[in-house]
Amino acid sequence: MAFNPLKEKGIPLEKQCRDWAELNVEPYKKDAVHPYSRCRGIVMNGIEVEAVMFSHQMARNTLDPEIKKQLSLMRRIEAQQQKVMNWLIPGDETTLEVTLGYEQVAVDLTAWVAQHEPDPYLRQVYEFGLLEDFDHLYRYANLYGMLEGRKAHEITDTLTEIMPGRPTIYEHRDPRDEPRRPMTALAADPQSVLNALTIMSAEQQTMNFYMNIGNRYMEPLARATYLEIAQIEEQHVTHYESILDPTVSWFENLVLHQYHECWMYYSFMQDEIDPRVKAIYELHLAMEIEHLRVACELMRKVEKRDPEALLPQDIGQTVAFKENKAFIRDVLARQVDLTSKDSAFVPIGDLPDDDRYFKWNGTVNAKGVPTEDVIDRARRDGGEYRLETEGPHPVEALRADAGAARTAYARRVR
């Protein structure tokens, strides 16, 4: 049944504040939680972090004290929601185990979005980033086995294959080649706007997570690996945030953020198998419905515009975590050798020898590449870890028996 949050009644703002005991939720059991339940929680943490940070930025650009107060009230509730979602992660789940969850999110959420993106260019944006996060999962999986002696599928199950994507060594591009063409929000399909907010928020949270926890390891190779991949996650935030419409007003953005949260909580309610977590999603949805109503009122009051003209009539397509093995293999086979040039995607072999890509890539990789060192060490210690449930790797040069994971263009990287 179609759902329209604009037509629903939420919980009044003054009744949304919760006490510490209610916020300090019981975490899931790490060895019993379904991988996609973990993934949904990670995503909603990132969505709430984006809501809080956007509201802070809007407040810093707002003069009206009454609007500041309204933003502050909603933002405090968003911060409570964020704590609930993040506190579902148990303390005995190690940093690497949480990291594997983050990368499974990046793979299967981006794959879902790419398959439900109506704009061909934006679909390419998602497919391009997908192959890079897919490779990160493979690198962290091998680091996990090396440091903790366990197999990554104990975290991810067999829902997501684990094997090389676009090797991380080749992902280090000149920053000027990272911004993409922005959409025009008023002309774009509403699904495109929701998709962009979803992946931007998820990647931003991954960037934040790695920036803050990557230095917690004593093992030098672990510190180096997080350092390298954290840089790619910053690239990905640039990559995804640049497709958003930069001309959208603060109030329109506020409405879109609140609608997006309604869509995400409503979506995840549909598939969540843990009754306790599902109840959290239902509660947060009721809160977000009220936040959306307040945001719409602010837009009407300040901009004299009708926010309903910007939004879908109802939520039809819900976002879902599911297996994407065949789709990812197809993208790998077609796009593993792509890089970006300005806002376009081109085969790395088409770049001239003096392209700025080679200078930047060669500089950061000049004294070794941590993500390559992880695999080299895993091979020396008994063999790299892969989970190839659907047969050999679709790219011959990246198969386990092909030697070091190098594509045909490896010799061109300076």
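Here is a friendly chat about the aromatic rings in this predicted model.

Biologist: Welcome! How many aromatic pairs does the structure hold?

Modeller: Two rings pair if their centres lie within 6.5 Å. By that rule, the number of aromatic pairs in the structure is 17.

Biologist: Is the pair of Tyr126 and Tyr240 stacked or edge-to-face?

Modeller: Planes under 30 degrees apart count as stacked. The ring centres of Tyr126 and Tyr240 are 5.8 Å apart and the planes meet at 20°, so this pair is stacked.

Biologist: Which helices does that pair link?

Modeller: Tyr126 and Tyr240 are 114 residues apart, so to speak, in distant parts of the chain. Both residues are buried. Tyr126 belongs to residues 120–148 and Tyr240 to residues 220–241, which are helix H5 and helix H8.

Biologist: What is the angle between the planes of Tyr265 and Tyr281?

Modeller: Their centres are 6.0 Å apart, and the pair is tilted. Tyr265 lies in helix H9 and Tyr281 in helix H10, 16 residues apart. The angle between the planes is 45°.

Biologist: Is Tyr265 buried or exposed?

Modeller: Buried means under 20% relative accessible area. Tyr265 has 0% relative accessibility, so Tyr265 counts as buried.

Biologist: Which residues do ring pairs link into a cluster?

Modeller: Here several rings are joined through ring pairs. The members of the cluster are Tyr102, Tyr140, Phe209, Tyr210, Tyr217 and Tyr226.

Biologist: Which residue lies over the face of Tyr121?

Modeller: Charged ends can be found over rings here: that of Arg166 sits over Phe128, 4.2 Å from the ring centre. For Tyr121, the distance to the ring centre is 3.7 Å, and the residue is Arg181.

Key
Residues are numbered from 1 along each chain as its sequence is written. This is a predicted model: local features need pLDDT of at least 70, side-chain atom pairs count only at pLDDT 80 or more; totals for chains, interfaces and linings use all residues. Side-chain values use heavy atoms; hydrogens and water are left out. Rings of Phe, Tyr and Trp (its six-membered ring) pair if their centres lie within 6.5 Å; planes under 30 degrees apart count as stacked, over 60 as edge-to-face and the rest as tilted. Helices (H or I, at least four residues) and strands (E, at least two) are DSSP runs, numbered from the N terminus. Buried means under 20% relative accessible area, exposed over 50%, partly exposed in between (1.4 Å probe, protein chains only). A charge sits over a ring if NZ of Lys or CZ of Arg is within 6 Å of the ring centre and within 35 degrees of the ring normal.
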